Amino acid sequence: MPDMLPDWYPAKRHPAPPDAPLFDWLCHEGSLTLRLTEAGDRDFRVELLKQAPEPAHDDEAAALGLPPGTLVWTREVLLHTAGAPRVYARSVAPTSALGNAAVELDSLGTTSLGHLLFRNPQIRRGPIEISRYPADRLPDSWRSEGLWARRSHFSDGKLQLLVCEVFLQGWPLAST
């Protein structure tokens with residue numbers, strides 16, 4: 001059975017976007033790592049949940065131009081700020097990109113991927129898309145219906161990387 005797909009739209013053209021301030025966070029084109037760090041008074045850390053090859057979700061494969069179910073490099077993390085996890089992030093790339101890209105994906109550990117992507121002038125970011133995110137794709141402890149996500153395609157010519165960021169319940173705070 002195919003997985004339940006998010007319904008991705010270009011951020012500024014979503015037919016039923018969320019209210020501010022969440023919409024502002026979803027559309028923000030700068031580094032989410034930097035913005036979370038600033039919003040959390042410099043309290044930011046990455047919790048690595050998983051990094052391993054696995055089959056791409058159907059929408060991920062389509063966005064990367066791969067056949068459904070293709071094995072991809074996958075990294076799942078929680079981004080913590082202000083003392084709690086705020087964002088679940090899932091990044092996928094064709095396994096052929098490993099070792100050929102300007103970013104060493106296999107050796108990231110708890111280093112923020114965003115920190116590396118936004119400091120490398122060779123890497124270009126595609127348009128931001130937003131959608132509600134299927135709860136069954138989230139880690140068990142963070143499953144919740146109706147959470148909003150954004151995704152972007154990053155490329156340096158060799159690297160094709162899809163980064164999806166899901167805003168967990170309670171984030172952003174109304175004042176951020």
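**Cavities, cores and ring pairs in a predicted model**

The structure holds 2 cavities of 30 Å³ or more, a cavity being, on a 1 Å grid over the protein atoms alone, a set of points where a 1.4 Å probe fits but cannot get out. The model is a predicted one, in which local features need pLDDT of at least 70 and side-chain atom pairs count only at pLDDT 80 or more, while totals for chains, interfaces and linings use all residues. Residues are numbered from 1 along each chain as its sequence is written, and side-chain values use heavy atoms, with hydrogens and water left out.

Rolling a probe the size of a water molecule over the atoms shows where empty space is left. About 220 Å³ of space lies in the largest cavity, where a volume is the space filled by probe spheres set on the grid points, which are joined across faces, edges and corners. This cavity is lined by 20 residues, of which Ala89, Leu113, Gly114, Val163 and Glu165 are the closest to its centre; lining residues are those with an atom within 4 Å of a point. At least two residues of the lining come from each of H2, E3, E4, H4, E7 and E8, these labels denoting DSSP runs numbered from the N terminus, with helices (H or I) of at least four residues and strands (E) of at least two. E7 gives the most to the lining of the largest cavity, with 4 residues.

The largest pocket, by contrast an open set of points with protein on both sides within 12 Å along at least five of seven lines, has a volume of about 160 Å³. Its lining is made up of Ser31, Thr33, Leu34, Thr37, Arg42, Gly114, His115, Phe118 and Arg119. The elements that give two or more residues to this lining are H2 and H4, and H2 gives the most, with 3 residues.

In soluble globular proteins, nonpolar side chains tend to be buried together. A nonpolar core is here a set of buried Ala, Val, Leu, Ile, Met, Phe, Trp, Tyr and Cys residues joined through side-chain atoms within 4.5 Å, and buried means under 20% relative accessible area, as against over 50% for exposed and in between for partly exposed (1.4 Å probe, protein chains only). The largest core has 17 residues, among which Leu32, Leu36, Leu79 and Phe167 touch the most other members. Helix H1 (22-27), helix H2 (32-39), strand E3 (71-81) and strand E4 (84-94) each supply at least two residues of this core, and the largest share, 4 residues, comes from H1. Apart from this core lies another, of 12 residues, including Ala97, Ile123, Phe154 and Leu159.

When neighbours within four places in sequence are left aside, Leu79 is in contact (heavy atoms within 4.5 Å) with Leu32, Leu36, Phe44, Arg45, Val46, Ala84, Pro85, Arg86 and Val87. Not counting residues up to four places away in sequence, Arg45 touches Leu78, Leu79 and His80. Gly40, in the loop between H2 and strand E2 (44-55), counts as buried at 7% relative accessibility, and with residues up to four places away again not counted, Gly40 touches Thr81 and Ala82.

A pair of aromatic rings is described by the distance of the centres and the angle of the planes. Rings of Phe, Tyr and Trp (its six-membered ring) pair if their centres lie within 6.5 Å, and planes under 30 degrees apart count as stacked, over 60 as edge-to-face and the rest as tilted. By this rule the count comes to 3 aromatic pairs. Trp25 and Trp171 form an edge-to-face pair, 5.5 Å centre to centre with 75° between the planes, which links Trp25 in helix H1 to Trp171 in the segment after strand E8 (160-167), 146 residues apart. Both residues are buried, Trp25 at 2% relative accessibility and Trp171 with a relative accessible area of 4%. The rings of Phe118 and Phe154 have centres 6.0 Å apart and planes at 80°, so this pair is also edge-to-face. Because Phe118 lies in the loop between helix H4 (113-117) and strand E5 (124-125) and Phe154 in strand E7 (residues 148-155), the pair ties together parts that are 36 residues apart in sequence. Phe118 is partly exposed, with a relative accessible area of 36%, whereas Phe154 counts as buried at 5%.
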